[in-house]
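Subject: A structure to look at, with notes

Dear colleague,

I am handing over the structure below, and after it you will find some notes on what came out of it. Please read them with the structure open beside you.

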Amino acid sequence: MSDNGDLTVRKLAMWGIPLSLGVMGLKMVAWWVTGSVALLSDGLESSVNVVAAFIAFFVIRYAQKPADHDHPFGHHKAEYLSAVTEGVLIVVAALLIVNEAVGYLAEPRMLDAPVLGLAINFAAGVINAIWARLLIRTGRRHRSAALTADGQHIMSDVVTSVGVLVGLLLALATGYAIFDPVLAILVAVNILYQGWRVISQSIGGLMDQAVEPQEEEAIKQAIASHAEGSIGVHDLKTRRAGTVTFIDFHMVVPGGMSVRQAHDICDRLEDAIRAVHEGATIAIHVEPEGEKAHGIRVKVVKEA
């Protein structure tokens with residue numbers, strides 16, 4: 001990630017704190033004026049956003065620290081820890097919602113001041129939708145796992161808010177107050193699913209999962225088109241750590257090739273790979289011909 005990208009991610013993480021506090025405040029006011037357990041469940045999920053915003057801010061600052069003696073590959077994976085923590089908080093929020101909603105199943109009641117409460121909740125949902133789209137777009141562009149996870153969670157909050165509004169309008173239209181707690185439980189199920197998604201995606205990063213298939217294909221094409229002079233490429237490996245992608249492979253060259261010639265090919269390959277995968281950290285192991293190929297192979301395009 002570039003310095004400008006780092007700064008952009010840090011700024012968004014910082015502004016996420018006051019914005020999440022404001023949205024949570026609006027939703028809790030909506031619950032207070034209506035007494036709706038569904039609106040309370042929406043507010044409880046937003047309280048998780050507040051905690052997540054604080055975690056993301058501090059973790060992103062730490063993850064952007066340069067490599068040092070104790071962490072020669074950088075601190076990038078700290079972002080995955082933030083995302084896993086957020087996923088766990090999402091699950092906790094869902095369990096709190098279920099606990100609150102079950103008590104209302106036996107004695108459901110209609111809403112107080114429904115128009116005002118729903119209007120306030122709708123305004124909070126619109127703010128969240130705009131903010132979530134910005135976080136997801138920026139997080140993906142700059143490969144920030146923490147920022148992307150935060151945006152995805154807030155977007156699930158938006159879906160929750162829409163479902164709550166629709167359900168409460170249905171309860172008001174039909175006169176069946178039972179829709180309120182039932183809807184809160186359905187919201188909790190959706191939140192549990194979102195929490196599982198955030199956790200599973202982050203664990204993949206912690207376990208050095210390879211890049212996406214389309215990204216790997218672009219890397220292969222860059223190698224194949226710019227490895228002129230070599231005999232072949234094999235044992236291609238990729239892994240992602242936060243904002244950085246690590247790529248390494250073995251390149252076979254004629255036994256009589258000079259170190260300078262092999263080095264020139266490596267430089268050309270590194271430039272080509274970074275053109276399609278900005279900021280990649282690349283390691284190329286040069287081997288003389290005769291070595292047995294293994295792992296993922298790349299067919300080198302020969303000069304005409």
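How many positive and how many negative side chains does the protein have, and how far apart do the centres of the two sets lie? There are 24 positive and 31 negative side chains, with the two centres 3 Å apart; here Lys and Arg count as positive and Asp and Glu as negative, while His and the chain ends are not counted, and each charge is placed at NZ of Lys, CZ of Arg, CG of Asp or CD of Glu.

Before going further, please note that this is a predicted model, in which local features need pLDDT of at least 70 and side-chain atom pairs count only at pLDDT 80 or more, whereas totals for chains, interfaces and linings use all residues. Residues are numbered from 1 along each chain as its sequence is written, and side-chain values use heavy atoms, with hydrogens and water left out.

The overall fold

The protein has eight helices and three strands, which follow one another from the N terminus as α-α-α-α-α-α-α-β-β-α-β; helices (H or I, at least four residues) and strands (E, at least two) are DSSP runs, numbered from the N terminus. The protein is more spread out than a compact globule, because its radius of gyration is 25 Å, well over the 19 Å that the globule rule gives for 304 residues; this radius is taken over C-alpha atoms, and the rule is 2.2 Å times the number of residues to the power 0.38. Along the principal axes, the C-alpha trace spans about 85 × 35 × 30 Å.

Of the 304 residues, 47% are buried, a word that stands for under 20% relative accessible area, with exposed over 50% and partly exposed in between (1.4 Å probe, protein chains only).

Two places to look at

Strand β1 (residues 232–241) contains D235, which counts as buried at 10% relative accessibility. Eight of the 10 residues of β1 are buried, so this strand is largely enclosed by the rest of the structure. Strand β1 runs antiparallel to strand β2 (residues 244–253), and eight bridges join them; two strands pair if DSSP finds at least two bridges between them. Beyond four places in sequence, D235 touches D248, F249, H250, H294, G295 and I296, where contact means heavy atoms within 4.5 Å.

In helix α5 (residues 145–174) you will find A146, which is buried with a relative accessible area of 1%. Leaving aside neighbours within four places in sequence, A146 is in contact with I60, E79 and S82.

Best wishes
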